[in-house]
Amino acid sequence: MAAGPVDQRERRSGALLEYLARRMRVRSESVLAPLGLRPRHLVALTVLRDTGDISQQGLASTLQIDGTNVVGLLNDLEAAGLVERRRSPEDRRRHVVAITPTGSKRLNEVECALATAEDDVLGGLQPAERDQLYDLLRRATSGAGVTCADAGADDPDPLC
């Protein structure tokens, strides 16, 4: 099926999502900087809070970053007293990473500050609309979506 001209009136979300993400990123970074954190620090602290103690290698895998990069990330967090690394009692070659009480407190502060940033960015939406947006974004990010080519194999859709 040959691709025809794109109807410019079609509602495409990509550019709007990119714009919204850029606004949220800039606003979030301005909130994190005074607290001495960057977005990658926030993600690591959140994972540690939600999963509990985890091996350094497990954290790298969860964050989908190279082991060398996770060392630098943990060096930053450890220097700030937000995480601690200790040898695994089961395997002395491994390090186990844990969020500290100071790290948990800082994460709570950051989450409150980020709620304010999100209020600024999403101020045009009512609370019920924000809930709906969140639910839609969760659905959109859960698992791989079906592409037009995949869908065409089972049920050809002339709109794809």
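Residues are numbered from 1 along each chain as its sequence is written, and side-chain values use heavy atoms, without hydrogens or water. Because the model is predicted, local features need pLDDT of at least 70 and side-chain atom pairs count only at pLDDT 80 or more, whereas totals for chains, interfaces and linings use all residues.

**View A. The largest pocket has a volume of about 540 Å³.** A pocket is an open set of points on a 1 Å grid over the protein atoms alone, where a 1.4 Å probe fits, with protein on both sides within 12 Å along at least five of seven lines; lining residues have an atom within 4 Å of a point. The volume is the space filled by probe spheres set on the points, which are joined across faces, edges and corners. The lining comprises 13 residues, with M24, E118, L122, Y134 and L137 nearest the centre. At least two lining residues come from each of α1 (14-32), α5 (101-121) and α6 (127-141), and α6 gives the most, with 6 residues. Helices are DSSP runs (H or I, at least four residues) numbered from the N terminus. By class, the lining holds 9 nonpolar, no polar and 4 charged residues (nonpolar: Ala, Val, Leu, Ile, Met, Phe, Trp, Tyr, Cys and Pro; charged: Asp, Glu, Lys and Arg; polar: the others, Gly among them).

**View B. The second largest pocket has a volume of about 300 Å³.** Its lining includes R11, R12, S13, L16, Y19, R23, L133 and A140. Two or more lining residues come from each of α1 and α6, and the largest share, 5 residues, belongs to α1. The lining of the second largest pocket has 8 nonpolar, 1 polar and 3 charged residues.

**View C. Helix α2 (residues 39-51) packs against α5 at an angle of about 120 degrees, with the axes 11 Å apart.** Axes are lines fitted to C-alpha atoms over the stretch in contact, and angles run from 0 to 180 degrees between N-to-C directions. Contact (heavy atoms within 4.5 Å) involves L42, L45, T46 and R49 of α2 and L107, V110, E111 and L114 of α5. These contact residues divide into 5 nonpolar, 1 polar and 2 charged.

**View D. The axes of α2 and helix α4 (residues 67-79) come within 10 Å and cross at roughly 85 degrees.** Helices α2 and α4 are therefore roughly perpendicular to each other. R40, H41, A44 and L45 of α2 meet N69, G72, L73, D76 and L77 of α4.

Note on methods. Parallel < 35°, antiparallel > 145°, perpendicular 65-115°, else oblique.
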